[in-house]
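The structure is shown first.

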Amino acid sequence: MLTDALTIALPKGRLLEPCMKLLGSLGLPTQGVDEESRTLVYEFPEHKLRYIMCRPTDVPAYVEHGAADLGIVGKDIIVEQGKDVFEMVDLGFGYCRFVVAVPTKKKGAPLTRFNYRRVATKFPRVAEEFFRSQGLQVEVVKLHGNIELAPLMGIADMIVDIVSSGRTLRENNLVELVEIMESTARLIVNRISYRVNHQQLQPLIEKISEVVKNEGVKK
Amino acid sequence: MKTREIPPGFKDFLPGEVKLKRKVEEQAAALFASWGYQEVITPIVEYLDAIESAGTGADQQELFLFQNRDGRLLALRPDMTIPIARLASTKLREEPLPLRLFYQANVFRCNSPQRGKYNEFWQIGVEMVGASGERADAEVIALAVETMNLLGVTDFQLSLNHIGIFNGLLQESGLLRDEQEELKLLVIKKDLVTLEKELAGWALPGDIREAFLMLPVLHGGLEILERVPGISRVPGAVAGVHELQRLFHALQAFGVEDRVVIDLGVLRGLDYYTGVVFEGYSSNLGYPLLGGGRYDNVMERFGWPNPATGFAIGVERVLLAMQEPPALAEPKCIVAGRDLARVMEAAKRLRNEGWIVGLDVQGQTREELEMLCRQRNCRLVLVD
């Protein structure tokens, strides 16, 4: 935010390709932007634009603290982190769902049966808030990956995780019990930058909305 | 070593930082005083009852609470508006109105610590009690802008809104209580994606729905007020629009309108403010530098119904936003010598002349003293 250039925080990984497509449709530069490269900052002075490459989970932090004016990140990460950013546009891509999943033999069991049980997840906040909103209490075990392993190994009775096709669940003898929420990629904006650079940002945000609506890159 | 720890969210100020902080506070205080505001000091604690009954919607989870020996709950003050409302309504009610008061104080809120956000932070601000109308609002806002100018926050911008516009539309919407609460939250958080989805599912008139989608992104001069659908048929909103128009003209008279934009997305503590609200920003900082507005319903909870308005500036945030803190050049010297009486005489004379004088109390050699003076960037005065 310290310069005239707008800074956009882009997520590495599965969201990057649709992000680049979106930037391309907006007529913004994309040449040479590659997550395999070691470059983390891409400058386009002729467009008054800068991209920074972040881990998806770090995008909200860069935007909240104003290092980036805009960022693209999944709703799953936004709700888990609860950062103070403006969420302006549903970009439609990167669709996935938060679900509670349990071992196949417990298929169809009422959620209340899992009161006071243990849940493994990468998203402790989402898990905790969901069960609390159902009037249930659970013990949350925070893990960092391969959540499906936890019920297999008996350290949890269920998991809260994001699924897209559901294949990983099936392969690990798990089955979806309840859907918590859906998630797609979102355009987030720093709250001060939005106010101070409104003339510059609002037209861009509107253009992005427009492109998303027209291309219908929906779920 | 546990003895070296400091609780998270709290901060020591080192000499250089204190100097800058004091300078900011002194400049602001002098300006407030020249506009006729008088300083007050209140206790650092208030009864929890007083804070809660003020109806400012202070979040109990944000309060530092503890119990007094008499069993009643105390809170470290979370802002200065409540203490001043209490003070004014109990001790200044015989004074002619409006009251113009200012403060420099530390306030306490349990936040997750991050840049510019502490559990204890310093505020300077003003409250004007007993006057309503655009002239009172304009004075307070112009004073906020003047303060930022004086402190050298160059890229300062103040965003202005009127709570009555949002509240008027909300009343007209016919939404259920829960829906209204959620709508407020979504607009404050600016979660436009969820807002759009929820609005699509709720039963409310089409133009009001449209208006709620537009409010968070409308930003500009007076002309944007005409672009809000449905606004002209909602009496509360119309009154708000008229107040904003009158205020904007008053701000032109104060000569600060080029720092001010109307931003219908600025909603501060909706349960508390009743009219004009504003926030001030610098592009150097990811958080507002100041905030304020009109709160005409707070004084009556202290048994003294009166309109009121004011603002608070975050001192640490101003210090972060001042890109280059002013260099504080001061004439400094060290006076040394064998004869203490002559050393003291020289020191006294230099201090009277405006020098900052340190004494050599360790009987150091000339070489040691010269080295010290180079490190401290000061002059050496040897008296024998």
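## Interface area

Buried area is the accessible area, taken with a 1.4 Å probe, that two parts lose on being put together, summed over both. In this predicted model, the area buried between chain B and chain A is about 2000 Å². Carbon and sulfur atoms give 52% of that area. Chain B contributes 29 residues to the contact and chain A contributes 21 residues.

## Polar and charged pairs

Between chain B and chain A there are 5 salt bridges. A:Asp90 forms a salt bridge with B:Lys197, with the closest N and O atoms 3.4 Å apart.

On the side of chain B that touches chain A, the elements giving two or more residues are β7 (156–162), α6 (177–189), α7 (192–201) and β10 (276–282) of chain B. The most comes from α7(B), with 4 residues. By class, this side of chain B has 10 nonpolar, 11 polar and 8 charged residues.

## Helix α1 of chain A

Helix α1 of chain A spans residues 16–25, and its buried residues are A:Leu16, A:Cys19, A:Met20, A:Leu22 and A:Leu23. These residues lie on the same side of α1(A) because they cover an arc of only 160° around the axis. On the other side of α1(A), A:Glu17 and A:Lys21 are exposed.

The cover over the buried residues of α1(A) includes β1 (6–11), β3 (49–54), β4 (70–74) and α8 (198–215) of chain A. After α1(A) comes A:Gly27, which has a positive phi, near 80°.

Methods: Residues numbered from 1 in each chain as written. Chains lettered and ligands numbered in written order. Predicted model: local features only at pLDDT ≥ 70, side-chain atom pairs only at ≥ 80, totals over all residues. Heavy atoms only, no water. Buried < 20%, exposed > 50% of the residue type's maximum accessible area, 1.4 Å probe, protein only. Arc of directions from axis to C-beta. Contact = heavy atoms within 4.5 Å. Salt bridge = Lys/Arg side-chain N within 4 Å of Asp/Glu carboxyl O. Nonpolar A, V, L, I, M, F, W, Y, C, P; charged D, E, K, R; others polar.
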